[in-house]
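Let's walk through this one together, starting with a helix and ending with a cavity. Keep the viewer open as you read.

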Amino acid sequence: MKRTALLLLCALLAFAVGNLCYAGGPLQVSGPAAAQPGQPYVWDTASFPVRYTIDSGPLSATPEGVTVINNQTGVAGVAAMFHTWQSVPTTSISYTSAGPITGVAGGDVKTINDFNAVQASCNSAAQNPVIFDADGSIFSALGFDSLTIGISGICSANPATGKIQSAFLMLNGELQDGVTDPTTSNYELAEDLFEEGITHEIGHFSGLGHSQINVEVLNQNPLNCNLDDLAGLPLMFPEIICQSRSSENLPLLAPDDMAWISKLYPNASYAANYGTIRGYIYFPDGVTQLQGLNVIARAMDNPATTQDESKRTAVSAVSGFLFTGNPGQSISGTNTGGDSNGGRDPNLIGYYEIPVPPGTYNIQVEDINSSFASGSLVGPLDPPILVLYPGEFWHQYESSSDLTQQKDPIVVQAGQTVSNINVIMNGNDPRFDNNEDDGHSLVTNLTNWITDAICAVCAWSSSL
Amino acid sequence: MRVGAGLFLGLLGLLFGSAVSAQQGAYTLPASLDRLVTRSDQIIRGHVVSAVVEPHPQFPNLRTVVVTIRVDRTLKGAAESTVTFRQFLWDARDVANAGGYGKTDEYLLFLNPVSKYGLTSPVGLEQGRFRVRRDAKGNVSAMNGHGNVGLFTNVSAKLAAQRIAVSSGTQAMLQSPQGGAAPLAALEEAIQALETARP
């Protein structure tokens, strides 16, 4: 037991020095330099609509330079993808084209020289460029391969205000050029999946991180995922997986996507259409807050329908998502202040809040899938925390020894915040106790030593 | 003994856990191990000696990280004791953490051909960058930034079609349907087999 506790403690320390970014809701959270630490980085609503400039060249062209998707179609397609986010009825975020990209001849970014010029203006927050790399040559010049669908990045953000100041997006038109030639590594991607990929990137452009819901799709046939799982699968899920949503007549955005873009940028109708469930996740001791677990509010399934509403209507957050994953330490000499992002208020450790449409929900707590590290990160801890506790649901008599599948309904009205939905994880290890010991560990440790001694004697005697 | 092992593991965790997330904001097609091997110009395993963020010398508005690796093993490409490469960083968060290349970190890297502007990156970005982890029991594993999801798709079939045999341990790894850390030795055996299978 003591060994496990030590492992957990050391693992926590390891994770605590290891991360710079956030997800499972916001992409990035303000840090100590901010007037209000522990807040999601967002675009300034006063600047809405977010004005993006757009490439004047074709979206896609063959290696021979023949246009496959012209500029007009590309511009309209990008506008539609931005509109997908903007059209969420409870969000205020909006985007508009500010015309062609500036700073390059004709507004057509064709070379790495052009890209360099455009990056300068993005870094200085002069424009938010959307670049069409029609034949993939810019990606190639940058040292990428043809597997990259698109990239997005925040060019500049103000750590004092927690505002995103500029961002960019680049689309790889080579994947839409109609050419499949393995000898030149020229691949194709179905148009609807390309659209999903770029719309996902626009989610990051807008300040959204990754979300984990219905993670079991990772174990399903990727061409034929369960429809209930797919319907609730966030577009901001870290991996491309499953058949396209459009092929199943499903909307591009899942309830989780819509809830979080609305949470970051609520409009006047938000309060009339969303409530909030919030609380803490605790170690089995019931008092020590636990960071880095996925918390999902799942709608109660309606037995009168053939669909599984608990899969389809689900919104998630990661416990401690507003707290830093790296508070700093002075031992190594390289990490004194820790991450410049993320709040330091201890009350944020293990805290979650989930925006949900009015309804009746269950709260489920689970691990972040171990696959979701680095570029696929979900939540503040990279890699995800190694949790030794079984996933479980919330019920009104939470304890460290309750039934993990026992769950009580939580009714949420519009505009209502339901607080104190606190989940105590099950298990025998009480907490990361920072060397404090209630005696339990000592007894367990003594038991281990005795067991070791007996085994040693047994091994010795059997060797005689 | 148990406590000592636990502490040791924990310290290892502390060291390896200092890796930071990297290359956010990219959406890539899934790449199997076969595709990673085929697409890469160089496959190396080694430790990060340095990772320095600096502007591209020719394109000063492009932020890059110059990574030097002390090579322990070369699985594809010219064998060199150290390899230095320059990778483009497009997100401010990656600039802050040198693209996630921490000093002394151990990686297995599938690197794209270097462009004429001196830039390269792992194939499929995070998919071609495997973090090597060693535990106190001497187990060594590797996992890429996509958690090895889909990594072994069709690899067994390709090797079987070309009558290339691998050890039972490697075969078992290739049959595992899910992601998760892979034993380094088996992974490297599979890489060599796929390299042999290339036309």
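Buried here means under 20% relative accessible area, with exposed over 50% and partly exposed in between (1.4 Å probe, protein chains only). Helices (H or I, at least four residues) and strands (E, at least two) are DSSP runs, numbered from the N terminus. This is a predicted model, where local features need pLDDT of at least 70, side-chain atom pairs count only at pLDDT 80 or more, and totals for chains, interfaces and linings use all residues. Residues are numbered from 1 along each chain as its sequence is written, chains are lettered from A in the order in which they are written, and side-chain values use heavy atoms, leaving out hydrogens and water.

Find H3(A), residues 112–123. Its buried residues are A:Ile112, A:Asp114, A:Phe115, A:Asn116, A:Val118, A:Gln119, A:Ser121 and A:Cys122. They pack (heavy atoms within 4.5 Å) against S6, H4, S7 and S8 of chain A, together with S4 of chain B. Just past the helix, A:Ala125 has a positive phi of about 65°.

Now for the cavity. On a 1 Å grid over the protein atoms alone, a cavity is a set of points where a 1.4 Å probe fits but cannot get out, and lining residues have an atom within 4 Å of a point. The largest has a volume of about 80 Å³, and H5 of chain A gives the most to its lining, with 3 residues. B:Tyr27 is also among the lining residues.

Terms used:
1 Å grid on protein atoms, 1.4 Å probe; cavity = no way out; pocket = protein on both sides within 12 Å on 5 of 7 lines; lining within 4 Å. Points joined across faces, edges and corners; volume = space filled by probe spheres on them.
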